[in-house]
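Open your viewer and get ready to click through a short tour. We will stop at one helix pair and then move to the nonpolar cores.

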Amino acid sequence: MTGLDRYQDALTIQRVLHTTGTIAIVGLSGNELRASHFVGYYLKRHGYRVIPVNPRETEILGETSYPTLSDVPVPVDLVNVFRAPDALPEIARETVAIGARALWCQFGVINEEGARIAEDGGVTVVMDRCLKVEHARYVGRMHWLGFNTRRITSVRAGLQ
């Protein structure tokens, strides 16, 4: 695999999704209109423990927000990153230091140095993929609008 392909392997993504229980979201926003907030909300609704990492907030989605990954008092399986790409090397170092198994970089968060730091520390890296989209794809809950309608049917109601 070359380029980003090596960080977007379908089997790796599925393994990460199925072996994760606790997710620290670096850059999780308290603003409901931000993508990070929607992703965190979605992940909580699907049974993951979500831990916000944002030094500007004290609580997000009903959970205590921590200034850094090093401040999180519980083991973390997956670090999900909603930050600028140049922040990734330091986040990768913290991910290795806390013993997380995977580092997931959202769309546009692409930094080879950060990926190398994480991989050298034994951390699985997924890059330039949305955790919510990939979860919905592999768990089978993706609706064409991007949410679960809880309705499975091929019958159209027609005009009412």
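Start by selecting helix 2 (residues 35–45) and helix 5 (131–139): they pack at an angle of about 35 degrees, with their axes 9 Å apart. Helices here are DSSP runs of H or I, at least four residues, and strands are E runs of at least two, numbered from the N terminus; axes are lines fitted to C-alpha atoms over the stretch in contact, with angles from 0 to 180 degrees between N-to-C directions. This is a predicted model, where local features need pLDDT of at least 70, side-chain atom pairs count only at pLDDT 80 or more, and totals for chains, interfaces and linings use all residues. Residues are numbered from 1 along each chain as its sequence is written, and side-chain values use heavy atoms, leaving out hydrogens and water.

Now show side chains: Phe38, Val39, Tyr42 and Leu43 of helix 2 meet Leu131, Lys132, His135 and Ala136 of helix 5 (contact: heavy atoms within 4.5 Å).

Stay on helix 2 and pick out its buried residues, Ser36, His37, Val39, Gly40, Tyr42 and Leu43 (buried: under 20% relative accessible area, 1.4 Å probe, protein chains only). Their cover includes strand 1, strand 2, strand 3, strand 5 and helix 5.

Next, select Leu69, Val79, Val81, Leu88, Ile91, Leu103 and Met127, which touch the most other members of the largest nonpolar core, a set of 23 residues. Such a core joins buried Ala, Val, Leu, Ile, Met, Phe, Trp, Tyr and Cys through side-chain atoms within 4.5 Å. Finish on Ile91: beyond its neighbours within four places in sequence, Ile91 contacts Val26, Leu69, Val79, Val81, Arg83 and Leu103.

Conventions: Buried < 20%, exposed > 50% of the residue type's maximum accessible area, 1.4 Å probe, protein only.
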